[in-house]
Number of protein chains: 2
Amino acid sequence: MTTKKAVILSSGGLDSTTVIAIAQRQGYQCYSLSFDYGQRHRVELDAAKRVAETLGVEEHKVVSLDLRMIGGSALTDNSIDVPELGEMGDAKIPVTYVPARNTIFLSIALGWAEVLEASAIFIGVNAVDYSGYPDCRPEYLEAFQSMANLATKASVEGRELTIYSPLLKLSKGEIIQLGRSLNVDYSITVSCYQADDQGRACGKCDSCRLRKAGFEAAEVADPTQYIN
Amino acid sequence: MTTKKAVILSSGGLDSTTVIAIAQRQGYQCYSLSFDYGQRHRVELDAAKRVAETLGVEEHKVVSLDLRMIGGSALTDNSIDVPELGEMGDAKIPVTYVPARNTIFLSIALGWAEVLEASAIFIGVNAVDYSGYPDCRPEYLEAFQSMANLATKASVEGRELTIYSPLLKLSKGEIIQLGRSLNVDYSITVSCYQADDQGRACGKCDSCRLRKAGFEAAEVADPTQYIN
């Protein structure tokens with residue numbers, strides 16, 4: 001039996017952790033990839049490492065890349081505030097959008113996938129909660145896959161790469177229900193944009209708000225540790 | 001009159017320096033972008049800075065990104081030798097190919113272009129000398145552009161981004177002739193894969209061999225400083 005390998009983009013959050021569990025259930029050997037990109041919520045790197053160990057991935061890598069050089073987002077630029085409860089709704093594209101972030105992360109995943117001879121990259125993007133992010137749209141992901149299948153040595157040699165986004169059309173509640181069915185322990189994940197050093201969540205930012213509402217919708221007890 | 005802005009991928013070498021001169025001639029305000037990616041030939045970063053100053057670009061950025069984490073190339077992996085004269089011909093794809101490098105570099109350029117509201121990215125890839133590199137093919141560049149025009153906030157707002165590769169179909173000799181007509185001083189550029197600390201070229205690697213033959217074909221005196 002040949003081994004299927006997949007690179008999984010992991011932020012240590014609820015979504016990408018669910019994605020690792022999905023890929024494992026599908027029989028992939030999983031290689032998780034995180035980025036130290038100057039993000040405010042740096043405890044996510046600790047969470048990603050904890051997730052990799054707990055779920056038993058083959059290898060976990062952290063690639064350093066300073067996106068603060070580029071700026072343009074509340075997540076990487078300290079001069080832009082992270083919006084709190086109720087501030088998100090109006091803007092068409094949230095200030096937490098990081099320019100070309102998914103493209104940059106998927107490109108580096110593509111490089112690692114080529115070295116590993118992996119046949120898949122999994123990304124936990126979601127078009128329901130993050131409909132304002134251009135790089136979470138299905139047509140974007142299809143275009144990335146087409147490009148990826150022209151970009152690499154593997155593609156020249158006839159090996160195909162597939163970009164999977166299994167959460168794309170699920171609500172947060174549905175993601176949590178799916179993860180529970182795969183025995184994902186969400187207490188080890190961190191979603192908050194401004195968690196404290198111990199990974200405790202603020203409970204107020206967009207990401208906390210969506211996560212909280214997800215547990216309510218799924219009728220699952222919220223295991224998140226909040227600051228207050 | 002509105003200002004046209006372009007991000008130019010710059011390695012400090014002959015090709016990308018010519019590309020900056022072309023973009024300037026076309027009326028673009030140029031923003032040059034280089035990468036500190038763990039490459040062996042680190043003097044290229046000094047060369048890129050010198051080129052940016054000499055040609056008077058608006059801004060020059062160096063983004064750090066450790067592609068050695070990924071491995072798989074003679075340019076970033078010390079366990080793989082850089083081939084010397086005559087060793088290049090046989091392999092379909094050279095060992096100097098870095099997995100997904102152009103995709104990663106173009107993606108980061110895309111992020112900066114979005115912040116700058118630039119309408120173009122220029123890349124000095126060439127399909128003549130580097131026909132073995134999958135990510136130098138025209139169909140790859142077209143696919144990247146299609147993806148880029150779905151990836152960003154700019155694309156949602158209707159602004160188009162174009163990827164230009166003006167050297168794609170030129171021989172090295174033709175590139176040098178074009179650069180000379182734009183008054184490019186090639187003595188400040190470094191192309192060698194294993195130049196010494198002062199930027200002097202080995203004269204033996206693929207890159208040196210192609211550059212040397214280019215000056216001969218163009219019937220232009222070679223200003224390159226060689227170690228021997």
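## Briefing: a two-chain predicted model

In chain A, 70% of the contacts with a separation of 6 or more are between residues 24 or more positions apart (contact: C-beta atoms, placed from the backbone, within 7 Å). This is a predicted model, where local features need pLDDT of at least 70, side-chain atom pairs count only at pLDDT 80 or more, and totals for chains, interfaces and linings use all residues. Residues are numbered from 1 along each chain as its sequence is written, while chains are lettered from A and ligands numbered from 1 in the order in which they are written.

**Overall layout of chain A**
- You'll find 7 helices and 5 strands in chain A, taken as DSSP runs numbered from the N terminus (helices: H or I, at least four residues; strands: E, at least two).
- Reading from the N terminus, the elements go β-α-β-α-β-α-β-α-α-β-α-α.
- Chain A has 228 residues, and 50% of them count as buried (buried: 20 or more other C-beta atoms within 10 Å of the residue's own, with C-beta atoms placed from the backbone).

**The sheet**
- The 5 strands make an open, parallel sheet in the order E3-E2-E1-E4-E5 of chain A; strands pair if DSSP finds at least two bridges between them.
- E3 and E5 (162-164) of chain A sit at the edges with a single partner strand each, so one side of each has no neighbour in the sheet.
- Neighbouring strands are turned by 25° against each other on average, direction ignored.
- E2(A) and E3(A) pair in the parallel sense over 6 bridges, and A:Phe35 has A:Val63 in E3(A) as its bridge partner.
- Helix H3 (101-116) of chain A packs on the sheet, touching E1 (4-9), E2, E3 and E4 (120-122), and its direction makes about 155° with that of E1(A); axes are lines fitted to C-alpha atoms, for helices over the stretch in contact, and angles run from 0 to 180 degrees between N-to-C directions.

**Helix H2 of chain A**
- The buried residues of H2 (43-55) include A:Val43, A:Ala47, A:Val51 and A:Leu55.
- Those buried residues pack against H1 (14-25), E2 (28-36) and E3 (59-64) of chain A.

**How the two copies relate**
- Chain B superposes on chain A by a rotation of 180° with 0.0 Å of shift along its axis (RMSD 0.0 Å), fitted by least squares on C-alpha atoms of residues with pLDDT of at least 70 in both.
- The copies are thus related as by a two-fold rotation axis.
- Within chain B, B:Leu65 comes closest to that axis, at 2.5 Å (C-alpha).
- The copies meet through the same surface, because 100% of the interface residues of chain B are also interface residues in chain A.

Notes. Two residues are in contact if their C-beta atoms, placed from the backbone, lie within 7 Å. The expected span of a helix is 1.5 Å times one less than its number of residues. A residue is buried if 20 or more other C-beta atoms lie within 10 Å of its own, exposed if 12 or fewer, and partly exposed in between; C-beta atoms are placed from the backbone.
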